[in-house]
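I open the notebook on a new chain. The entries follow the order in which I looked things up.

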Amino acid sequence: MLMPCTSYGQDVPGIEICTVEKTMERRTSCLQSNVDFLQKTINKMTQDNQQKLDAANRQIEALKGSVIALQKFVDDLQKKTAEELKKKADAPAKDAAPAAAK
């Protein structure tokens, strides 16, 4: 009726302290496990950082496009304003000439 309950250790990936291992085989296995864990971690972080860089580069390109569009808009406004100011400056001179002739 009662079955013996055995509990097995769970192998959780991570850095292990390998100096506590007595035999060279177990120590080597422990070190290899640490190396594998670190390589997987580095690869994952590299991929994550590459995705972040790609997203940042896309955002930079979008912002560059916005800056170009805004610069064109400002240039157009400056040209329009300069033309209007020139017209206003020329208009009083034209109005003053007929008034002087009277």
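**Entry 1: confidence.** Where pLDDT is low, the predicted coordinates should not be read in detail.

**Entry 2: ground rules.** This is a predicted model, in which local features need pLDDT of at least 70 and side-chain atom pairs count only at pLDDT 80 or more, while totals for chains, interfaces and linings use all residues. Residues are numbered from 1 along each chain as its sequence is written, and side-chain values use heavy atoms, with hydrogens and water left out.

**Entry 3: the chain as a whole.** I find one helix and zero strands. Helices (H or I, at least four residues) and strands (E, at least two) are DSSP runs, numbered from the N terminus. The accessible surface of the chain is about 9700 Å², and 62% of this belongs to carbon and sulfur atoms; the areas come from the Shrake-Rupley method with a 1.4 Å probe, and for residues only the protein chains shown count as cover. Of the 102 residues in the chain, 5% are buried. The classes I use are buried (under 20% relative accessible area), exposed (over 50%) and partly exposed (in between), with a 1.4 Å probe and protein chains only.

**Entry 4: the disulfide.** How many disulfides does the structure hold? I find one, a disulfide being a pair of cysteine sulfur atoms within 2.5 Å. The partners are Cys18 and Cys30, with their sulfur atoms 2.1 Å apart. Cys18 lies in the segment before α1 (24-101) and Cys30 lies in helix α1, so the link ties together parts that are twelve residues apart in sequence. The angle about the S-S bond is -80°, and the link of Cys18 and Cys30 is left-handed. I checked burial for the two cysteines: Cys18 and Cys30 are both buried.

Entry 5: Asn34 is in helix α1. Is Asn34 buried or exposed? It counts as buried, because its relative accessibility is 10%. Beyond its neighbours within four places in sequence, I list Gly14, Ile15, Glu16 and Cys18 as contacts of Asn34. I then followed one of these, Ile15, which sits in the segment before α1. Ile15 and Asn34 are 19 residues apart in sequence, yet their C-alpha atoms are 5.3 Å apart in space. Ile15 also touches Phe37 and Leu38, again not counting residues up to four places away in sequence. With a relative accessible area of 53%, Ile15 is exposed.

**Entry 6: a nonpolar patch.** Which residues form a nonpolar patch on the surface? They are Ile15, Leu38 and Ile42, with about 290 Å² of accessible area together. Patches are made of residues with over 30% relative accessible area and no salt bridge; like charges are joined within 9 Å, and nonpolar side chains (Val, Leu, Ile, Met, Phe, Trp, Tyr) within 5 Å.

**Entry 7: salt bridges.** Side chains of opposite charge can pair when their charged atoms come close. I searched the whole structure and found four salt bridges, each defined as a side-chain nitrogen of Lys or Arg within 4 Å of a carboxyl oxygen of Asp or Glu. I wrote down these pairs, among others:

- Glu21 pairs with Arg26, their closest N and O atoms being 2.8 Å apart. Glu21 counts as buried at 17% relative accessibility, whereas Arg26 counts as exposed at 54%.
- Asp48 pairs with Lys44, with 3.4 Å between the closest N and O atoms. Asp48 and Lys44 are four residues apart in helix α1, so about one helical turn separates them. Asp48 is partly exposed at 31% relative accessible area, and Lys44 is exposed at 53%.
- Lys72 pairs with Asp76, the closest N and O atoms lying 3.3 Å apart. Lys72 and Asp76 are also four residues apart in helix α1, which means a separation of about one helical turn. Lys72 counts as exposed at 52% relative accessibility, and Asp76 is partly exposed at 38%.

Definitions and conventions. Contact means heavy atoms within 4.5 Å.
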